[in-house]
Amino acid sequence: MLYRKLGNTGEKVSILGFGCMRFPITNVNDGSKIDKKQTFELLNHSVENGINYFDTSFVYHNKVLFSKDGGTSETVLGEFFSQNYREDVLIADKLPVWNIKEEEDFNKYLNLQLKKLKTDYVDVFLIHSLNKVHWPKMYELNVLNFLDEIKSDGRAKYVGFSFHDDLSILYPIIKSYNWDIIQTQLNYLDESYQAGVEGLKYINSKNIGTVIMEPLKGGKLVNNVPLKVQDIFQKSEINRTFAWWAFKYLYNKTEVNTVLSGMSSLKELEENISIASKSRPNTLSSNEKEIIQEVKEIYESMRGIECGNCKYCMPCPYGVDIPKCFVWYNYLLMLSIDDKEEAKNHYLEFVEPKNRASNCTQCQKCIQLCPQDINIPHELETIKNTFESTT
Ligand SMILES: NC(=O)c1ccc[n+]([C@@H]2O[C@H](COP(=O)([O-])OP(=O)(O)OC[C@H]3O[C@@H](n4cnc5c(N)ncnc54)[C@H](OP(=O)(O)O)[C@@H]3O)[C@@H](O)[C@H]2O)c1
């Protein structure tokens with residue numbers, strides 16, 4: 001494993017971090033049912049191979065939307081690290097902005113989170129998913145005083161935020177406080193999306209730790225890869241996996257400190273560790289950079305719904321499997337028009353009737369949770385009309 005400095009914290013962080021939003025589950029219809037045995041194996045293997053950054057949140061593996069108890073990611077992670085390795089790793093957790101109604105809630109939720117994590121402190125505490133809506137609300141409730149308080153009483157070593165919006169709000173947020181760490185979305189498709197590369201460079205120039213999320217765009221860059229894209233990757237002198245290209249693009253940047261990936265199998269974990277153990281900055285050849293650029297242009301010509309399969313919108317109270325519906329709709333957008341029937345057949349085969357877009361009641365609850373700002377009910381209506389109409 002290779003390590004880089006985490007901003008000006010003085011910490012050295014493994015360049016691959018573990019995103020605890022996609023642990024293996026035992027019941028496909030209930031994301032809160034984490035397969036503990038398998039997850040413990042993944043966590044154990046991670047630590048033994050040098051991963052020292054673990055990113056969770058109150059909402060990961062939630063049973064219901066806006067749950068007051070939060071999800072089971074924190075609980076399982078806490079159980080694992082209360083038995084082993086606590087001092088060897090950095091645990092990052094996040095403030096559930098959606099649940100915060102008044103100033104007292106900051107302490108209420110953090111104390112509950114520490115209890116779930118079975119620890120007295122988190123290494124990193126981030127305000128979750130800051131954007132133009134959440135930032136003014138948190139600011140008015142004096143979140144910055146709260147961050148000072150938890151650093152001085154030792155409940156958090158470092159503080160920061162995760163970000164899902166554009167540069168016009170990123171800059172003022174950065175200027176408002178002495179942040180330690182910022183988590184942003186980046187992959188070779190998202191160079192100019194949300195904070196993008198420009199935001200990353202700015203954060204790094206302020207000596208703030210940079211944590212990257214969605215390096216594989218939630219799996220989109222490795223699953224159902226269009227043939228046109230596969231052909232371009234074939235041009236490389238060495239046969240590489242899709243994951244290799246995506247991680248290498250990020251590790252090549254000196255401004256990146258650590259890259260989080262959600263890994264739910266040992267095979268993926270081993271591959272990602274292997275890539276991270278050889279990826280020094282500035283080592284991509286000009287030919288490899290050109291290949292990535294070509295791939296990016298192909299994807300851009302067929303961009304669909306920007307879903308990163310983070311499942312913040314899940315579970316839908318009416319049973320719709322929102323990310324799965326989007327997968328097959330995006331698949332359709334990547335195919336030629338003649339193959340429309342193929343995408344429809346996949347949708348009808350792989351999305352059970354109770355999970356299909358037609359179950360959406362337009363209740364709108366999911367909209368405020370989506371970090372990509374997707375108008376989910378509107379898209380579901382389109383998907384219903386595309387795949388489920390009999391005419
Ligand atoms: N703060 C926020 O607002 C926010 C938002 C999104 C994410 N995050 C954090 O950032 C972390 C990383 O984001 P992410 O989970 O979207 O990461 P990602 O690496 O872009 O996507 C993970 C997906 O890629 C697949 N994958 C991983 N390694 C693979 C490999 N070697 N080969 C093939 N497929 C592979 C996984 O598939 P399987 O499903 O088969 O395992 C998983 O579905 C999250 O886990 C979470 O901790 C934070």
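View 1. The model is predicted, with local features needing pLDDT of at least 70 and side-chain atom pairs counting only at pLDDT 80 or more, while totals for chains, interfaces and linings use all residues. Residues are numbered from 1 along each chain as its sequence is written, and side-chain values use heavy atoms, without hydrogens and water. The axes of helix 9 (residues 242-251) and helix 10 (residues 266-276) come within 10 Å and cross at roughly 40 degrees, which makes helix 9 oblique to helix 10. Angles under 35 degrees count as roughly parallel, over 145 as roughly antiparallel, 65 to 115 as roughly perpendicular and the rest as oblique. In contact (heavy atoms within 4.5 Å), A243, W244, F247 and Y251 of helix 9 meet E271, N272, I275 and A276 of helix 10.

**View 2. Helix 8 (residues 227-234) packs with helix 11 (residues 286-301) at an angle of about 170 degrees, their axes being 9 Å apart.** Helix 8 is therefore roughly antiparallel to helix 11. From helix 8, K228, V229, I232 and F233 make the contact with I291, E294, V295, I298 and Y299 of helix 11.

View 3. An N or O atom in the side chain of H164 is 2.7 Å from an oxygen atom of the ligand, and a backbone N or O atom of G218 lies 2.9 Å from a ligand oxygen atom.

How values were computed
Axes are lines fitted to C-alpha atoms, for helices over the stretch in contact, and angles run from 0 to 180 degrees between N-to-C directions. Helices (H or I, at least four residues) and strands (E, at least two) are DSSP runs, numbered from the N terminus. A polar contact is a pair of N or O atoms within 3.5 Å; within protein, one must be able to donate a hydrogen and the other to accept it, and residues adjacent in sequence count only if both atoms are side-chain atoms.
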